[in-house]
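Here is a friendly walk through one protein chain. Please keep the sequence and the 3D view open side by side as you read.

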Amino acid sequence: MGLLSFLTGCKDKPKKETVNVDGQSINTTTGTEDNYKYGLEDLTREQTDFVNQNLTIAKTIISKYTPDKGDKPFDSKTLDIVLEKWSSSTADKEKPEEIVDAIGAAFGQGIVDELNCEWKIITDQYGTDITVIHKKYVVNGFPFSSVLKVVTEDNPRSLNDIKLILKSQIETAVKTG
C-alpha cells in the first residue's frame with residue numbers, strides 16, 4: 001500500500017484496522033500522537049506549475065494505457081489500471097520518474113476533485129513534501145509518495161485503496177468533528 005499519513009500523526013505503535021468504504025474492506029495502519037507538529041503552506045508558483053505540467057502529461061499517459069477512461073481520467077481506479085498496464089508493458093514505456101510525477105499529480109488532483117481537498121506543502125519532523133489535505137478536517141495523503149511506492153514495489157491496484165482510506169478518515173472526521 002502507498003505511503004499515506006493522516007495528520008492525526010503516528011505513535012510508536014501504529015494501530016492496525018480494517019476499514020469498510022464503498023463496499024470494500026481495506027487493511028490499514030494508522031495512529032495518533034498527542035503532540036504532532038506540522039506546518040502547512042500554499043504551493044509556490046513553481047510547485048503549482050510542476051503539478052499542472054504533470055497533469056497535462058498524465059492525460060497523455062492515461063489516454064495511452066486506457067483509451068476509454070470515461071469522464072473522470074484522474075479517478076483512482078483508472079490510475080490503478082494505468083499503472084498495471086504500464087508495469088506490464090515492454091515497448092515504448094515511460095521512465096519510472098515520469099510515471100511517478102504524472103500519475104502522482106493525477107492521483108492528487110483526483111483526491112482534490114472528489115474529496116474536498118487542496119494541494120499544500122507540509123513540513124513536519126520528517127521533512128517537507130507536497131500533500132493533499134481536506135479543506136476543513138486535518139486528513140491528508142501524499143500522492144507522489146504513494147505512486148512512488150506503487151511503482152517501486154510493483155504493487156498496482158492500490159491507489160484506489162488509499163483514496164478509500166482517506167475517504168473513510170474524512171467521513172469519520174465529519175461524524176466526530
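How many salt bridges does the count come to? By the rule used here, a side-chain nitrogen of Lys or Arg within 4 Å of a carboxyl oxygen of Asp or Glu, the count comes to 6 salt bridges. We will meet several of them below, after a look at the fold.

## Ground rules and overall fold

This is a predicted model, where local features need pLDDT of at least 70 and side-chain atom pairs count only at pLDDT 80 or more, while totals for chains, interfaces and linings use all residues. Residues are numbered from 1 along each chain as its sequence is written, and side-chain values use heavy atoms, with hydrogens and water left out.

The protein chain has 5 helices and 6 strands, taken as DSSP runs numbered from the N terminus (helices are H or I, at least four residues; strands are E, at least two). Along the sequence they follow the pattern β-β-β-α-α-α-β-β-β-α-α. Of the 177 residues, 47% count as buried; buried means under 20% relative accessible area, exposed over 50%, and partly exposed in between, with a 1.4 Å probe and protein chains only. For contacts (heavy atoms within 4.5 Å), 62% of those between residues at least 6 apart in sequence join residues at least 24 apart.

Helix 1 covers residues 45-65, which makes 21 residues. From its first C-alpha to its last it reaches 30 Å, close to the 30 Å expected at 1.5 Å a residue; the expected span is 1.5 Å times one less than the number of residues. The buried residues of helix 1 are Val-51, Asn-54, Leu-55, Ala-58, Ile-61, Ile-62 and Tyr-65. Seen down the helix axis, these buried residues fall within an arc of 135°, so they line one face of helix 1. The arc is that of the directions from the helix axis to the C-beta atoms. As a reminder, an α-helix has 3.6 residues a turn, so residues three or four places apart point the same way.

What covers that buried set? The cover over the buried residues of helix 1 includes helix 2, helix 3, strand 4 and helix 4 (143-152). On the other side of helix 1, Arg-45, Glu-46, Gln-53, Thr-56 and Thr-60 are exposed.

## Salt bridges, one by one

Lys-120 and Asp-42 form a salt bridge, with their closest N and O atoms 2.4 Å apart. This pair links distant parts of the chain, since Lys-120 is in strand 4 and Asp-42 is in the loop between strand 3 (38-41) and helix 1, 78 residues apart.

Arg-45 is exposed at 61% relative accessibility, and Asp-49 is partly exposed at 27%.

A further salt bridge brings together the side chains of Lys-149 and Glu-153, again given as 3.9 Å from N to O. Salt bridges that share partners also join Lys-64, Asp-92 and Glu-94 into one network.

## A buried aspartate without a salt bridge

Asp-75 is found in the loop between helix 1 and helix 2. Asp-75 is buried yet has no salt bridge, and the nearest side chain of opposite charge, Lys-163, is 4.1 Å away. Here Lys and Arg count as positive and Asp and Glu as negative, with His and the chain ends not counted.

A polar atom of the Asp-75 side chain lies 3.0 Å from the backbone nitrogen of Lys-77. Leaving aside neighbours within four places in sequence, Asp-75 is in contact with Glu-114 and Lys-163.

Asn-116 lies in the loop between helix 3 and strand 4 (117-124), where it is partly exposed at 41% relative accessible area.

Conventions:
Polar contact = N/O pair within 3.5 Å; in protein donor to acceptor, adjacent residues only side chain to side chain.
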